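Good morning. Please take a moment with the sequence and the model before I start talking.

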Amino acid sequence: RAERWFDAHEALEDEWRDAPESERDFLQGLVHVTVAWHHAANVNRQGAERQLEKAARRLGPYRPTHRDVDVARVLGQVEAAAARVAEGLLELLPVRI
């Protein structure tokens, strides 16, 4: 909630490294979400676009919920962000996981 995307990425990546195989895509998808918002905040349109695509691909199979995360809601935010980025708008609403 503090919009510290890089820190969120680091924390999720640490969990991803130690996760069982069955959880790795889910956690990697969340990592992609945080990295996408980090890129957008740093005006890196191409990086944000790539990370949003990866997030959608990895998180899709976990819809609607997984590990008490409303994955469908997160994916809705990813889709909205992707639409904004496609228009060249990098000011994204904070993602809520």
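Does aspartate 68 count as buried or exposed? At 86% relative accessibility, aspartate 68 counts as exposed. For these words, buried means under 20% relative accessible area, exposed means over 50%, and partly exposed is in between, with a 1.4 Å probe and protein chains only.

Before going on, a note on what you are looking at. This is a predicted model, in which local features need pLDDT of at least 70 and side-chain atom pairs count only at pLDDT 80 or more, while totals for chains, interfaces and linings use all residues. Residues are numbered from 1 along each chain as its sequence is written, and side-chain values use heavy atoms, with hydrogens and water left out.

Now the overall layout. The protein has four helices and two strands, and along the sequence they follow the pattern α-α-α-β-β-α. Helices here are DSSP runs of H or I with at least four residues, strands are runs of E with at least two, and both are numbered from the N terminus. Of the 97 residues, 40% count as buried.

Next, the helix pairs. Helix α3, residues 45-59, packs with helix α4, residues 71-86, at an angle of about 155 degrees, and their axes are 10 Å apart. Axes are lines fitted to C-alpha atoms, for helices over the stretch in contact, and angles run from 0 to 180 degrees between N-to-C directions. α3 and α4 are therefore roughly antiparallel to each other, a label for angles over 145 degrees. On the α3 side, the residues that meet α4 include Ala48, Leu52 and Leu59, and among their partners in α4 are Val71, Val74 and Val78. Contact means heavy atoms within 4.5 Å. The residues of this contact divide into 13 nonpolar, no polar and two charged. Nonpolar covers Ala, Val, Leu, Ile, Met, Phe, Trp, Tyr, Cys and Pro; charged covers Asp, Glu, Lys and Arg; the others, Gly among them, are polar.

The axes of α2 and α4 come within 12 Å and cross at roughly 35 degrees. Phe26, Val33 and Trp37 in α2 meet Val71, Val74, Gln77, Val78 and Ala81 in α4. By class, that contact has seven nonpolar residues, one polar and no charged.

Which residues touch the most other members of the largest nonpolar core? They are Phe26, Val33, Trp37, Leu52, Leu59, Val71 and Val78, out of 23 residues in that core. A nonpolar core is a set of buried Ala, Val, Leu, Ile, Met, Phe, Trp, Tyr and Cys residues joined through side-chain atoms within 4.5 Å. α2, residues 21-41, α3 and α4 each supply at least two residues of this core, and α2 gives the most, with seven. In soluble globular proteins, nonpolar side chains tend to be buried together.

Leucine 30 is also in helix α2, and at 5% relative accessibility it counts as buried. Its C-alpha atom is separated by 8.5 Å from that of isoleucine 97, which is 67 residues apart from it along the chain.

Last, the backbone. Most residues other than glycine have a negative phi, and most peptide bonds are trans. Aspartate 68, in the loop between β1 and β2, has a positive phi of about 65 degrees. Arginine 67 is found in that loop too, with phi near 50 degrees, and at 42% relative accessibility it counts as partly exposed. The peptide bond from arginine 63 to proline 64 is cis, with omega near 5 degrees, and proline 64 is found in the loop between α3 and β1.

Technical notes
Angles under 35 degrees count as roughly parallel, over 145 as roughly antiparallel, 65 to 115 as roughly perpendicular and the rest as oblique.
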